Amino acid sequence: MRVVVTGANGLVGSRLVSTLVQQGHEVLACGRGPSRLSGQGFTYASLELGDRGRLVEALLPFKPAVIINPAGMTDVDGCEKQPVAAYTANVEGVASLCLVARDTQAHLLHVSTDYVFDGQAGPYDLTATPNPLGTYAQTKYAGELTVRSLLPKEQWSIARTAVVYGWPRAGNNNFGSWLVDSFRQGKAVKLFEDQLVSPSLALNVADMLAELGTKKLAGLWNVAGAEVVDRVTFGRALCARFGFDPALITPSRMKDVALLSPRPPRSGLVVTRTAEALTAKPLGLTESLDRFFHEVQGAP
Ligand SMILES: NC(=O)c1ccc[n+]([C@@H]2O[C@H](COP(=O)([O-])OP(=O)(O)OC[C@H]3O[C@@H](n4cnc5c(N)ncnc54)[C@H](OP(=O)(O)O)[C@@H]3O)[C@@H](O)[C@H]2O)c1
């Protein structure tokens with residue numbers, strides 16, 4: 001199957017390209033600037049989500065059956081500082097992908113976030129009503145609405161994910177790689193004990209996205225790890241698996257910290273439907289951390 005993957009240099013996109021290539025799909029990997037991907041067996045196209053002409057020119061001749069869109073401006077505080085850039089990547093880029101999907105009849109799988117919720121009543125199932133806080137969250141929710149407005153419902157899927165981590169990091173640090181880096185250097189970290197999240201291993205997210213996309217399973221999906229925990233619990237579980245000193249973790253409270261962009265305190269995603277429908281299952285914390293440990297051991 002011909003599959004376009006955007007954000008191919010990113011944490012999720014890079015794993016998704018490898019997964020799809022391993023499964024024998026013909027992949028057009030689209031990233032910003034030169035490729036930072038390792039491996040082979042795919043074609044790479046450099047594109048900027050805000051450049052509709054270039055995006056259409058790169059994607060149309062490929063005649064994709066599926067477009068999977070993990071690309072986006074993901075720096076939550078950065079979005080607050082640069083709202084126009086956030087809107088361009090997280091909304092206008094999505095609109096351009098919808099137009100390509102309409103022209104090619106491709107199925108569009110768009111990746112979104114649990115940050116579409118305000119975090120008053122998580123974990124959230126598929127019936128929950130979004131109330132995004134902050135520019136990142138608002139533009140991601142606007143991206144979801146763009147998909148729903150521009151494509152017929154059998155032609156799109158939206159997959160919300162949460163706190164994605166993996167090794168090697170793809171550019172920016174992620175929650176897991178930052179903890180490993182800090183603990184290796186014996187650095188103490190402060191972690192929120194009052195923020196509930198669904199930690200999600202990038203490899204596991206990529207497996208689930210690959211299946212959702214190539215099976216064209218339409219509708220809304222929660223694509224995340226199977227367990228909802230606070231960040232201190234996650235940090236301590238990581239210490240236990242890696243043999244780091246849990247005393248390096250100091251619990252703190254998000255509500256006592258002035259954040260540039262607000263984060264949902266009680267978040268996380270209910271993944272029951274995903275676990276029932278997919279062969280690639282949302283992993284529990286122990287198995288995710290075990291795989292993460294082996295990723296770190298394999299590429300220290
Ligand atoms: N990571 C998380 O904890 C998390 C949690 C919930 C939801 N999500 C969602 O999951 C998806 C994948 O996240 P991720 O962790 O893989 O993020 P990521 O590592 O930041 O990857 C996003 C990719 O999008 C690219 N990009 C950003 N702006 C662009 C633009 N204007 N034009 C072209 N490319 C652009 C980035 O390019 P550069 O590499 O050049 O910057 C990056 O490679 C995102 O949609 C995100 O909103 C992530």
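Reader: In what order do the seven strands of the open sheet lie?
Author: This is a predicted model, in which local features need pLDDT of at least 70, side-chain atom pairs count only at pLDDT 80 or more, and totals for chains, interfaces and linings use all residues. Residues are numbered from 1 along each chain as its sequence is written. Strands (E, at least two residues) and helices (H or I, at least four) are DSSP runs, numbered from the N terminus. The seven strands of the open sheet have parallel pairing, and their order is 3-2-1-4-5-6-11.

Reader: Which are the edge strands?
Author: Two strands pair if DSSP finds at least two bridges between them. An edge strand pairs on one side only, and here this holds for strand 3 (42-46) and strand 11 (219-222).

Reader: In strand 11, what is the bridge partner of alanine 159?
Author: Strand 6 (residues 156-161) runs parallel to strand 11 and is joined to it by four bridges. On the strand 11 side, alanine 159 is partnered by tryptophan 221.

Reader: At about what angle does helix 1 run to strand 1?
Author: Axes are lines fitted to C-alpha atoms, for helices over the stretch in contact, and angles run from 0 to 180 degrees between N-to-C directions. The twist of the sheet averages 20° from one strand to the next. Helix 1 lies across strand 1 (2-5), strand 2 (26-31), strand 3, strand 4 (66-69) and strand 5, and its angle to strand 1 is about 165°.

Reader: Which element gives the largest share of the shell around the ligand?
Author: A residue is near a molecule if its C-beta atom, placed from the backbone, lies within 6 Å of it. The ligand is surrounded by 30 residues, with Gly7, Gly10, Val12, Leu49 and Thr113 the closest. Two or more residues of the shell come from each of helix 1 (11-22), helix 4 (83-104) and strand 5 (107-113). The largest share, three residues, belongs to helix 1.

Reader: How many residues of that shell are charged?
Author: Asp, Glu, Lys and Arg count as charged, Ala, Val, Leu, Ile, Met, Phe, Trp, Tyr, Cys and Pro as nonpolar, and the others, Gly among them, as polar. The shell has 12 nonpolar and 15 polar residues, and its charged residues number three.

Reader: Which residues of helix 4 does helix 2 meet?
Author: The axes of helix 2 (residues 52-59) and helix 4 come within 10 Å and cross at roughly 35°. Residues are in contact if their C-beta atoms, placed from the backbone, lie within 7 Å. Arg52, Leu55, Val56 and Leu59 of helix 2 meet, in helix 4, Ser96, Leu99 and Val100.

Reader: Where is proline 123 found?
Author: Glycine 122 and proline 123 are joined by a cis peptide bond with omega about 0°. Proline 123 belongs to the loop between strand 5 and helix 5 (134-150).

Reader: Where does proline 168 lie?
Author: The bond from tryptophan 167 to proline 168 is also cis, with omega near 0°. Proline 168 sits in the loop between strand 7 (164-165) and helix 6 (175-184).

Reader: Does lysine 63 count as buried, partly exposed or exposed?
Author: Lysine 63, in the loop between helix 2 and strand 4, has a positive phi of about 50° although it is not a glycine. A residue is buried if 20 or more other C-beta atoms, placed from the backbone, lie within 10 Å of its own, exposed if 12 or fewer, and partly exposed in between. Lysine 63 has 13 such atoms, so it is partly exposed.

Reader: Does glutamine 105 count as buried or exposed?
Author: Glutamine 105 lies in the loop between helix 4 and strand 5. Its phi is positive, about 65°, although glutamine 105 is not a glycine. Glutamine 105 has 10 C-beta neighbours inside 10 Å and therefore counts as exposed.

Technical notes. Two residues are in contact if their C-beta atoms, placed from the backbone, lie within 7 Å.
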